[in-house]
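This report goes through one protein model, helix by helix and core by core. Please keep the sequence and the coordinates at hand while reading.

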Amino acid sequence: METRDRQSKPATIAALAGARALPPLLIVLYHYSEGHHYSGVRLLDLIATRGYLWVEFFFALSGFILTHVYAARVQALWTARGYSGFLKARLLRLYPLHLFLLLLLLGLVIGTRIAAHFGGYLSIYDRAYHPMMDLKSFTLRVFLVQGWNTLSYLTWNGVAWLVSVEFALCLIF
């Protein structure tokens, strides 16, 4: 572990760099395999079918890193300014990409529905098997509360529930 002075941020734990990169990739592999079925390659399928376990690992690792980073400032977190600063820092890491992807998906939904209207066919987003794309669920996603058991159906970017849950954990950290 690197040394640090009192005014700078905590030392980076170099050994955790790979541990932070690998779980998201395995989770993506899991979701891809779930949606497109498995490859038939035994080793790959064994890894892909256990991808959901990496979510728990990712949350545990995130909790460890947050504790490492904020342990020296725990007293400040009990103040309104410290708590709001913590939430702001966490949201600045989570929200921009979440909002970008949500707006990109909104553009895809609108564009596909327009093309379907003029092409005389039904948009993929309006098919019975597709997750619901309504205003209520979009609004919940804008405020990052979609993963808080607010809906009983799949909607928009389904895997973004992770960002919503991480935001909830930051609120109660």
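The text below covers the source of the model, its nonpolar cores, several helices and a few single residues.

This is a predicted model, in which local features need pLDDT of at least 70 and side-chain atom pairs count only at pLDDT 80 or more, while totals for chains, interfaces and linings use all residues. Residues are numbered from 1 along each chain as its sequence is written, and side-chain values use heavy atoms, with hydrogens and water left out.

**Nonpolar cores**

A nonpolar core here is a set of buried Ala, Val, Leu, Ile, Met, Phe, Trp, Tyr and Cys residues joined through side-chain atoms within 4.5 Å. Buried stands for under 20% relative accessible area, exposed for over 50%, and partly exposed for values in between (1.4 Å probe, protein chains only). The largest nonpolar core has seven residues: Leu-102, Leu-105, Val-109, Tyr-125, Met-133, Phe-138 and Trp-156. Helix 5 (residues 80–119) supplies the largest share of this core, three residues. Helices are DSSP runs (H or I, at least four residues), numbered from the N terminus. A second, separate core has six residues, among them Tyr-70, Phe-86, Leu-87 and Cys-170.

Trp-156, a member of the largest core, lies in the loop between helix 6 and helix 7. Its relative accessibility of 8% makes Trp-156 buried. Contact means heavy atoms within 4.5 Å. Not counting residues up to four places away in sequence, Trp-156 touches Leu-102, Leu-105, Leu-106, Val-109, Pro-131, Met-132, Met-133, Asp-134, Ser-137, Phe-138 and Arg-141.

**Helix 3**

Helix 3 covers residues 53–70, and its 18 residues should span 26 Å at 1.5 Å a residue, which agrees with the 26 Å between its end C-alpha atoms. The expected span is 1.5 Å times one less than the number of residues. Its buried residues are Val-55, Phe-58, Leu-61, Ser-62, Ile-65, Leu-66 and Tyr-70. Because they cover an arc of only 150° around the axis, they sit on the same side of helix 3. The arc is that of the directions from the helix axis to the C-beta atoms. An α-helix has 3.6 residues a turn, so residues three or four places apart point the same way.

Thr-67 also belongs to helix 3, and at 42% relative accessibility Thr-67 is partly exposed.

Helix 5 and helix 7 (residues 161–172) pack at an angle of about 175°, and their axes are 10 Å apart. The two helices are therefore roughly antiparallel. Axes are lines fitted to C-alpha atoms, for helices over the stretch in contact, and angles run from 0 to 180 degrees between N-to-C directions. Angles over 145 degrees count as roughly antiparallel, under 35 as roughly parallel, 65 to 115 as roughly perpendicular and the rest as oblique. On the helix 5 side the contact is made by Tyr-83, Phe-86, Leu-87, Arg-90, Leu-91, Leu-94 and His-98, and on the helix 7 side by Val-163, Glu-166, Phe-167, Cys-170 and Leu-171.

Which residues of helix 6 (residues 135–142) are buried? They are Ser-137, Phe-138, Leu-140 and Arg-141. Seen down the axis, these residues fall within an arc of 160°, so they line one face of helix 6. That buried side packs against helix 5 and helix 7. The face turned away from it carries the exposed residues Leu-135 and Lys-136.

His-98 of helix 5 is buried, at 7% relative accessibility. Leaving aside neighbours within four places in sequence, His-98 is in contact with Arg-141, Leu-144, Gln-146, Ala-160 and Val-163. Leu-99 is in helix 5 as well, but is partly exposed, with a relative accessible area of 27%.

The table lists residue pairs by sequence separation and C-alpha distance.

| Pair | Apart in sequence | C-alpha to C-alpha |
|---|---|---|
| His-98 and Val-142 | 44 residues | 8.5 Å |
| Leu-99 and Arg-141 | 42 residues | 8.6 Å |
| Thr-67 and Phe-173 | 106 residues | 9.0 Å |

**Positive phi**

Most residues other than glycine have a negative phi. Leu-144, which follows helix 6, has a positive phi near 60°. Leu-144 is buried, with a relative accessible area of 1%, and is placed in the loop between helix 6 and helix 7. Trp-156 also has a positive phi, about 45°, although it is not a glycine.
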